[in-house]
Amino acid sequence: MGQHPEVLWAQRSSDSDEDKNILYVTVNLPDIVESSLKYDLTPTSLSFAAKTTHDKEYSFDLQFYDEVVPEVRSFAYDLNNHRTKSSKRLNSRSFFLILRKKNKASEYWPRLTKDKARNAFIKTDFSKWVDEDEQGEAADEVPEDMDMGGLGGMGGMGGMGGMGGMGGMGGMGGMDFEKMMAQMGGAGGGMPDFGSADAGPSGAADEEDDSDDDGPPPLEDAEPAK
């Protein structure tokens with residue numbers, strides 16, 4: 001028999017809106033091997049067993065205080081109506097469930113389990129918990145890392161599609177910035193004076209630069225733009 005993982009829970013209640021009459025249950029267990037995950041959700045119970053990448057086994061069985069709706073959907077199934085049924089999500093840190101309570105009621109459940117005996121591995125999820133009389137002002141607790149389907153997690157924006165990750169602006173359609181700067185100088189009567197042309201990042205002249213180049217060539221000597 002495996003050891004118990006930490007189980008965190010919080011809840012919302014409503015006697016009129018079933019989407020706000022729910023339980024948040026998080027099996028706080030990193031590195032679950034997905035192929036080893038076994039769970040059985042019934043209206044009155046939840047059973048869980050899994051192995052981690054460290055080859056350790058975890059499991060638990062609990063009886064709910066009251067009934068839940070056992071039909072479960074993946075979060076990616078319907079983002080706009082993910083709370084119409086119970087929902088689940090597995091990531092590298094945890095196994096997360098949103099369980100809809102079967103019976104609508106304005107009062108909170110007094111506890112998660114039917115058994116009044118304290119289970120040391122079941123704890124209040126203070127990151128999601130709000131007091132019963134303040135739940136109307138609480139934001140929905142949708143996981144930050146939920147599967148967003150076609151968005152693919154934005155993937156670092158991939159360099160903004162052809163801008164080359166801005167890398168020195170070197171991907172901007174092959175522009176020759178030296179020629180462009182020369183043209184700008186001719187159109188505006190010369191570039192503003194930003195200090196010595198051979199000054200370093202701190203504003204001091206580069207003492208190791210032996211070049212006698214005092215700046216861009218006179219405008220009439222500039223190479224015409226191609």
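Q: Where is the place of T113?
A: T113 sits in the loop between strand 8 and strand 9 (122-124). Strands (E, at least two residues) and helices (H or I, at least four) are DSSP runs, numbered from the N terminus. This is a predicted model: local features need pLDDT of at least 70, side-chain atom pairs count only at pLDDT 80 or more, and totals for chains, interfaces and linings use all residues. Residues are numbered from 1 along each chain as its sequence is written, and side-chain values use heavy atoms, with hydrogens and water left out.

Q: Why is T113 called buried?
A: Buried means under 20% relative accessible area, exposed over 50%, and partly exposed in between (1.4 Å probe, protein chains only). T113 has 9%, so T113 is buried.

Q: Which residues is T113 in contact with, leaving aside neighbours within four places in sequence?
A: They are L62, Q63, F64, Y65, N119 and I122. Contact means heavy atoms within 4.5 Å.

Q: What makes the approach of T113 to the backbone oxygen of D115 a polar contact?
A: A polar contact is a pair of N or O atoms within 3.5 Å; within protein, one must be able to donate a hydrogen and the other to accept it, and residues adjacent in sequence count only if both atoms are side-chain atoms. A polar atom of the T113 side chain lies 3.1 Å from the backbone oxygen of D115.

Q: Why is the pair of F60 and F121 called tilted?
A: Rings of Phe, Tyr and Trp (its six-membered ring) pair if their centres lie within 6.5 Å; planes under 30 degrees apart count as stacked, over 60 as edge-to-face and the rest as tilted. F60 and F121 are 5.8 Å apart centre to centre, with 40° between the planes. So the pair is tilted. F60 is in strand 5 and F121 in the loop between strand 8 and strand 9, 61 residues apart. Both F60 and F121 are buried. Ring pairs also link Y39, F48, F60, F95 and F121 into a cluster.

Q: What makes a set of residues a nonpolar core, and which members of the largest one touch the most others?
A: A nonpolar core is a set of buried Ala, Val, Leu, Ile, Met, Phe, Trp, Tyr and Cys residues joined through side-chain atoms within 4.5 Å. The largest has 24 residues; L23, F48, F60, F64, L99 and L112 touch the most other members. A second, separate core of 5 residues includes A10, Y24, F96 and I98.

Q: How confident is the predictor, and where does pLDDT stay under 50?
A: pLDDT is the predictor's confidence in each residue, from 0 to 100. The protein chain averages 72, and 55% of the residues score at least 70. Residues 76-83 stay under 50. Residues 190-209 are below 50 as well. Where pLDDT is low, the predicted coordinates should not be read in detail.
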